[in-house]
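This briefing is meant to be read slowly, with the structure open beside the text. The points after the display are grouped by topic.

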Amino acid sequence: MKVSIIGTGYVGLTTGVCLAFLGHEVTCLDTDSRKIDLLRKGSIPIYEPWLSELMTEASARLRFTTNYEEAIGDVQVIFIAVGTPSAPNGSPDLRYLSAAAKAIGQYFRGEPVVVVNKSTVPIGSGNWVASLLRDSYESAHKKNADGRFTVASNPEFLREGTAIYDTLYPDRVVIGADDSHSLETLYTLYRPILDQTFVPPSFLPRPDDVGAVPLVSADLASAELIKYAANAFLALKISYINEIGTLAEKVGANIIQVAKGIGLDSRIGMRFLQAGIGWGGSCFGKDTAALVTTAAEYGSELPIVKAARDVNTRQRQRVVEKLLGELKILKGRSVGLLGLAFKPNTDDLREAPAIEIARSLIERGCKVKVHDPVALERFQREHADLEVICCDSPEQVLEASDAVVLVTEWQQYRELSWDALIKKMRTPIVLDGRNALDPERLTSYGARYLSMAGA
Ligand code: UGA
């Protein structure tokens with residue numbers, strides 16, 4: 001099929017590359033010419049494992065452009081995968097979505113097309129996009145838009161850092177539409193994934209337990225709500241274990257053991273029960289805020305989702321409180337942060353806990369040193385205002401520090417020569433914000449080991 005993707009962020013680019021890999025003809029459009037220049041040269045503007053390798057394999061069927069006319073002349077499916085950042089009141093800012101819909105209406109000149117919302121958009125956006133498309137088409141072409149466009153929702157469940165794996169081997173595919181043409185078109189598009197008939201890339205073989213992928217076909221509003229409800233549930237699972245973690249600390253229990261003990265109940269499940277600093281990233285914070293705002297518009301409160309948000313904010317503050325409790329005075333102290341990205345295997349810094357923790361420590365008079373295996377350059381570009389010392393190595397971070405906080409659990413940090421490094425610290429306080437290090441080993445090296453794991 002001929003497909004266009006508007007927006008080359010984590011979701012748009014991964015979707016485009018995977019669809020091209022599966023055999024579709026894909027054009028990716030972005031209005032940012034810097035990104036498109038890079039992509040044309042075969043470089044990836046983001047850090048995402050295996051994306052570059054897959055892009056090379058699919059390059060014959062993949063084009064990049066900044067030109068709407070070129071991208072959407074006569075395609076069968078157009079995905080909108082533009083950013084929907086939070087506006088100050090928590091509702092998503094839909095200006096990029098609206099611009100994309102208007103441009104599609106203006107430049108489209110082929111047979112009926114299915115326009116698919118892949119960005120996480122508020123409930124009701126499907127109808128809104130349809131009306132923008134119609135108006136824009138009719139004013140540009142001076143003819144009726146009837147039958148030209150149908151709108152579908154195809155929410156994305158990929159995680160940054162494992163985006164390719166999640167796209168090729170998803171737990172389910174959700175398609176929301178109020179008409180059968182959209183459903184059938186997207187069913188055909190995703191057939192190789194649904195039936196798992198594609199030949200897997202050599203670097204990401206199909207796991208033995210992956211069989212046919214369930215398809216959930218729903219109406220537009222249900223598909224839109226599925227996305228928000230899924231993210232909110234995952235977010236509250238994390239906040240739940242963090243809330244129990246705070247209690248565990250008080251009663252002398254160990255949250256890692258508690259999480260294992262409850263997670264092995266198959267009704268609960270082990271995943272997303274890792275206690276620690278809490279969630280960051282562009283999704284959970286934004287989507288829980290949007291869900292609360294949408295509910296309020298309908299006169300509903302979502303007290304459980306609100307509580308999950310509060311617990312998450314509190315987790316970040318607890319890091320500073322723990323350091324204060326240990327060091328007593330923060331002014332003039334040198335504190336190192338290991339990890340800036342909101343989680344390992346990505347360079348994404350949106351709502352990364354490290355940023356807020358660094359800011360809070362600086363406000364209290366600390367000298368803050370930071371390191372990240374891949375996000376350092378992006379951090380210097382996007383957070384030039386934050387007065388921290390950027391270090392090229394974790395060793396530099398620990399050198400003469402009064403305390404170090406493991407903020408992002410990169411594998412590299414688990415494998416550091418902690419024995420030698422602890423000796424180089426001024427005071428050997430290690431706060432393991434992700435419960436990722438071995439407390440006994442660190443204590444045997446002379447560290448004062450603090451964690452988010454309780455006793
Ligand atoms: C999340 C969802 O997991 C995806 O299904 C969804 O498609 C995506 O949002 C989206 O809406 O686009 P992502 O934000 O990439 O994906 O990352 P996650 O792996 O979900 O991690 C989110 C945050 O939760 C990270 O900061 C991570 O450190 C934290 N986390 C995760 C925990 O603190 N504990 C856990 O047990 C799991």
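Helix α2 is followed by G42, whose phi is positive, near 90 degrees; helices here are DSSP runs of H or I with at least four residues, strands are runs of E with at least two, and both are numbered from the N terminus. The model is predicted, and local features need pLDDT of at least 70, side-chain atom pairs count only at pLDDT 80 or more, while totals for chains, interfaces and linings use all residues. Residues are numbered from 1 along each chain as its sequence is written, and side-chain values use heavy atoms, with hydrogens and water left out.

**The sheet of eight strands**

- An open sheet of eight strands, with mixed pairing, runs in the order β3-β2-β1-β4-β5-β6-β7-β8, where two strands count as paired if DSSP finds at least two bridges between them.
- The edges of this sheet are β3 (62-65) and β8 (215-218), and each has a single partner strand, so one side of each is left without a neighbour in the sheet.
- From one strand to the next the twist averages 25 degrees, with axes taken as lines fitted to C-alpha atoms (for helices over the stretch in contact) and angles running from 0 to 180 degrees between N-to-C directions.
- Strand β7 (residues 173-177) pairs with β8 in the parallel sense over four bridges, and I175 has S217 in β8 as its bridge partner.
- Helix α8 (residues 180-194) lies across β1 (2-6), β4 (77-80), β5 (113-117), β6 (149-153), β7 and β8, and runs at about 170 degrees to β7.
- Helix α9 (residues 220-251) lies across β6, β7 and β8, and runs at about 140 degrees to β7.

**The ligand and its shell**

- There are 21 residues around the ligand, of which F157, L158, K227, N231 and K343 come nearest; a residue belongs here if one of its heavy atoms lies within 4 Å of the ligand.
- An oxygen atom of the ligand lies 2.8 Å from a polar backbone atom of F157, a ligand oxygen is 2.9 Å from a polar backbone atom of G280, and a backbone N or O atom of E156 lies 3.1 Å from an oxygen atom of the ligand.
- Of the 720 Å² of accessible area that the ligand has on its own, the protein covers 92%, with areas taken from the Shrake-Rupley method with a 1.4 Å probe.
- The elements that give two or more residues to the shell are α9 and α11 (284-297), and α9 gives the most, with four residues.

**The sheet of six strands**

- A second open sheet, of six strands with parallel pairing, has the order β11-β10-β9-β12-β13-β14.
- Here β11 (389-390) and β14 (448-451) stand at the edges with a single partner strand each, so one side of each is left without a neighbour in the sheet.
- Strands β12 (residues 403-406) and β13 (residues 429-432) pair in the parallel sense over four bridges, and the bridge partner of A403 in β13 is I429.
- Helix α12 (residues 303-327) packs on this sheet and touches β9 (334-338), β12, β13 and β14, its direction making about 160 degrees with that of β13, where contact means heavy atoms within 4.5 Å.

Key. Polar contact = N/O pair within 3.5 Å; in protein donor to acceptor, adjacent residues only side chain to side chain.
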